[in-house]
Amino acid sequence: MSLLVAKIDADLKAAMIARDAEKLSVLRMLKSAVKYAAIEKGGADSVPSDLEVLAVVRKEVKKHEDSITSFTEAGRLELAEKEKKELDFLRSFLPAQLTPEKMEALVKEAIAEVGATSKAQMGSVMKAAQAKAAGQADGKTLSQIVQRMLP
């Protein structure tokens, strides 16, 4: 069992004991999403790795960010606030994010590694940069840095 799945299970039990309905709801949703992704990838008995769990958490974070934007635009501030609380809790499962300076250094390394000379090679640079970041950088931010650094 991966460490993140064990952490989710432990937090789920703690939320049940504490009768914390908000955390319990988020953890059940997250556990369900992780299980669904594992089934989709390898069948009912597959156990997801930490990287696969992180991918699911990032996907859920993105969904919550989109929901916050939609609720705010629609004037549903109470729902946006609920989503923000859930988003903060979900982010606790993600590794610490890299600073902008470290991201730029990482992108420079990726550009040098790939030998990119134009924006036409952005895909290969992004692939290398995301592999180096190992979940510690947002794809959108990395993409902006890559676009800025490539001629």
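Which residues in α2 meet which residues in α3? In this predicted model, M29, L30, A33, V34, A37 and K41 are the residues that α2 brings to the contact, and they meet E52, V53, V56, V57, E60 and H64 in α3. The sections below set this contact within the whole chain and then turn to other helix pairs and to single residues.

## The chain as a whole

The secondary structure of the protein chain consists of seven helices and zero strands, so that, read from the N terminus on, the order of the elements is α-α-α-α-α-α-α. Taken along the principal axes, the box filled by the C-alpha atoms of the protein chain has dimensions of roughly 55 × 45 × 25 Å.

Of the 151 residues in the protein chain, 33% are buried. When contacts in the protein chain between residues at least 6 apart in sequence are considered, 58% of them join residues that are at least 24 apart.

## Helices α1 and α2

Helix α1 covers residues 3–18 and helix α2 covers residues 21–42, and their axes, which come within 9 Å, cross at roughly 150 degrees. Since this angle is over 145 degrees, α1 and α2 are therefore roughly antiparallel to each other, and their crossing is left-handed.

On the α1 side, the residues in this contact are V5, I8, D9, D11, L12, A15 and M16, while on the α2 side they are K23, L24, L27, R28, L30, K31 and V34. Sorted by class, the contact of α1 with α2 has nine nonpolar and five charged residues, with no polar ones.

## The loop between α1 and α2

R19 has its place in the loop between α1 and α2, and its phi is near 55 degrees, a positive value in a residue other than glycine. For comparison, most residues other than glycine have a negative phi. With a relative accessible area of 76%, R19 is exposed.

D20 is likewise found in the loop between α1 and α2, and with a relative accessible area of 27% D20 is partly exposed. Along the chain, D20 and G135 are 115 residues apart, and a distance of 29 Å separates their C-alpha atoms.

## Helices α2 and α3

The axes of α2 and α3 come within 10 Å and cross at roughly 125 degrees, and α2 and α3 are therefore oblique to each other. The crossing of α2 and α3 is right-handed, and by class their contact has eight nonpolar residues, one polar residue and three charged residues. Two of the α2 residues in this contact, L30 and V34, are also among the residues of α2 that meet α1.

## H64 in helix α3

H64, one of the α3 residues that meet α2, lies in a helix that spans residues 50–73. Is H64 buried or exposed? At a relative accessibility of 6%, which is under the 20% cut-off, H64 counts as buried.

The side chains of H64 and E86 are joined by a polar contact of 2.8 Å. If the neighbours of H64 within four places in sequence are left aside, the residues in contact with H64 are M29, E83, E86, L87 and L90; of these, M29 belongs to α2.

## Helices α5 and α7

By class, the contact of α5 with α7 has eight nonpolar residues, one polar residue and three charged residues.

## V114 in helix α5

V114 is found in helix α5, and with a relative accessible area of 33% V114 is partly exposed. Although V114 and V125 are 11 residues apart along the chain, their C-alpha atoms are separated by 6.3 Å. Leaving aside the neighbours of V114 within four places in sequence, V114 is in contact with S124, V125 and A128.

How values were computed
Residues numbered from 1 in each chain as written. Predicted model: local features only at pLDDT ≥ 70, side-chain atom pairs only at ≥ 80, totals over all residues. Heavy atoms only, no water. Axes fitted to C-alpha atoms, helices over the stretch in contact; angles between N-to-C directions. Helix = DSSP H or I, 4+ residues; strand = E, 2+ residues; numbered from the N terminus. Parallel < 35°, antiparallel > 145°, perpendicular 65-115°, else oblique. Left-handed = near helix turned anticlockwise from the far one by under 90°. Contact = heavy atoms within 4.5 Å. Nonpolar A, V, L, I, M, F, W, Y, C, P; charged D, E, K, R; others polar. Buried < 20%, exposed > 50% of the residue type's maximum accessible area, 1.4 Å probe, protein only. Polar contact = N/O pair within 3.5 Å; in protein donor to acceptor, adjacent residues only side chain to side chain.
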